[in-house]
Amino acid sequence: MSFSLSDADPQPSFILDSSAKTLQSNLAADRLWQENGLTGPSATLPTNTQALVTASLTQARAIEDVEARINDTILLWTFVPCLETSEVLARGRDATNDVLNRDQAIRSNRLYRVITENTTDLISRHAPDGRFIDATQASWRLLGYWPEELRGRLLEDIFQSDSSMRQLTETRNRLRDDGYATMTLDLTHRDGSKRWFEIASRAIRETYTGAVVEVVSVSRDITARVASEDNNRRLADELARTARLAALGELASSIAHEMNQPLATIVNFASASQRYLKNARTHPEHLERVDDGLEKIIHHANRASEVIKHLRAFLRKGRKRTAEVQLNETLTKVAQLCQWEADKHDVEIICTPADSKPTIIADQVLLEQVLINLIRNGMEANMEARAAQGASAGSRLMLSASINSEGETLIDVTDEGPGLDDQEIRKMFQPFYTNKPQGLGLGLSMSRSIIEGFGGFLDARPASNGGLTLTCRFPTAPAHKRIPSTETAPDE
C-alpha cells in the first residue's frame, strides 16, 4: 500500500522518501511555497524534517503537531509512515489562529491569576442564595477562613449581626431588580475581632430568562477608617462613599472588561479570514484579505498585551508611563482603530482635530483605550436608538478636540443615541452600574479613573442632538515647559 494525494485537499501534503526527498505534492502544497516566495516545496516543511521522517519510519508511528512558521502563517505538520514503501506522508494544517489565540489566552490567564491571588481585597463568587462558590486568598486575612472553608457556606454564617441580616436581604432584592448593589457590614472575625467591610456586588444573569444565576462581590476591610471617625455624622458621610470600590478589586474585574474589546476584534477578523480562506481555491484574490486579517489579528493581540501592561503600571502606586501626547494625532489614530467596527454597524465617525496642536501629559496607550471605550459606547447607543426607531439608515458619531476659553484642552465624543436623564448621568460612572444586559459596568468607571490619573476629568452631558456627549477635560501645560517622559516599566 502506498500513499496518494488529492488536489481537492485544502491542506498542503507531501509524500517523502526515507531521505526526506519530495516524491509528490498536492496543489495546496505547491501554492503554499509559491505564494510565500520560497525556494521550493521543502522550504515549507519543518527544518528537522529529515530527523522526523527517520524517526517516523524507524519507530513505525505517526508524529503529530510539529510546528513550522512561514512568514505570518503557523503550520502544524503530521508525519505518517508507510513501512511497505518506506515513504512518509507529511500533511500540514494552518493553525495560525489557534496558536495565537492559545498563547494570548495563556498570557491573560497567567496575569489574571497573579492579580486575583495577590489582591488585598476579597473577590468572591456567590450562588443566588448567598452561598460562597469561590473566593480569593484574601479571605484568610479578612475573614479568618481559607477559600476551601468558605465554599458552600451562606453569607449569614459569616455576617451574623442583626443589621447585617437586614442589609443582606435588601441587597439581594436590589441585585434582583437593579443588577448591582453596595453595602457596609460589620462582622466578627474568626479570631474574635470586630471588622467593618465595604462590599460592592454585581448580579450575573441567565441570557434568556434574566434570572440571577451568580453574584460577584468585591469586599474591602474599612475597619481602620471607621475606627478613625470622630462622630456618627462623619461616619455616615464616610460610609456614603461605598460606591468607590477598592482599586485593586476594580483592577481584577476591569482586566476582563478591557480584554474583551481587543479579543472580540481578534475573533471577528479570525472568522472573516477563515471564510475567505475556505474560498481561496476558487477565489485566489481572497488570500490577500486573509493576509490582511492576520496582520490585524497580530496588531490587536499585541495591543491587548500593551493595554494590560500599561493598566497594571497605572494602577500600581508609584508606577507611571507618561509622556507628551499630541491629541490631534491620537484622535486620528483612534478613529482608524475603530473604523472597521464602525463600518460593520454603519456608523460614520466624524473626526474633528483642534485648530491648534494641543498636547497633554498622559499615557498614550491608556488614553487611546479610554477613547476607544467611549467611541464603542457611543456606537452602541446609536444602534440602540436606531433599533428603537426602526431606522435602517446609518448614524454618526462625532470625535473632536478643542481648547476652551479657560485654556483647558477638551476631547468630546458625541453620539446620536437615546441619551440619559440627569439621574442616570450621575450614576453612569459608578462601578458596576450599567444599563446593558451583558455589561459589567466598569468601563466608564475605569475610564474616569485613568483620566483623573492624568490630572484631568471625565464627565457627561446631554447633547443638542438628543444623544450624549462625553468630555475628557485636561489642564493645558505651559507651552514653554515640556514635561519629560516618566515611563517606568511595571514589574512583571
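Which strands does helix H7 (residues 162–177) lie across, and at about what angle does H7 run to S8? Some notes on that and a few other spots.

1. **Ground rules.** This is a predicted model, so to speak: local features need pLDDT of at least 70, side-chain atom pairs count only at pLDDT 80 or more, and totals for chains, interfaces and linings use all residues. Residues are numbered from 1 along each chain as its sequence is written, and side-chain values use heavy atoms, with hydrogens and water left out.

2. **The helix on the strands.** H7 lies across S8, strand S9 (194–205) and strand S10 (212–221), and runs at about 165 degrees to S8. Contact here is heavy atoms within 4.5 Å. Axes are lines fitted to C-alpha atoms, for helices over the stretch in contact, with angles from 0 to 180 degrees between N-to-C directions. Helices (H or I, at least four residues) and strands (E, at least two) are DSSP runs, numbered from the N terminus.

3. **The sheet.** S8, S9 and S10 belong to an open sheet of 5 strands, ordered S7-S6-S10-S9-S8 with antiparallel pairing. At the edges sit S7 (132–135) and S8 (180–188), each pairing on one side only. From one strand to the next the twist averages 25 degrees. Strands count as paired if DSSP finds at least two bridges between them; S6 (residues 122–126) and S7 have 3, with histidine 126 partnering phenylalanine 132 in S7.

4. **The hairpin.** S3 (residues 63–70) and S4 (residues 73–82) run antiparallel, joined by 6 bridges. Isoleucine 63 has phenylalanine 79 in S4 as its bridge partner. The two strands form a hairpin with 2 residues between them, and asparagine 71 in the turn has a positive phi of about 55 degrees.

5. **Worth a look: positive phi.** Aspartate 65 also has a positive phi of about 55 degrees although it is not a glycine, and it is found in strand S3. Alanine 60, again not a glycine, has a positive phi of about 55 degrees; its place is the loop between helix H2 (49–59) and S3.

6. **A salt-bridge network.** Asp191, Arg195 and Asp221 are linked by salt bridges (a side-chain nitrogen of Lys or Arg within 4 Å of a carboxyl oxygen of Asp or Glu). Arginine 195 meets aspartate 191 at 4.0 Å and aspartate 221 at 3.3 Å. The latter pair links S9 and S10, 26 residues apart. Arginine 195 is buried at 16% relative accessibility, while aspartate 191 is exposed at 53% (buried means under 20% relative accessible area, exposed over 50%, partly exposed in between; 1.4 Å probe, protein chains only).
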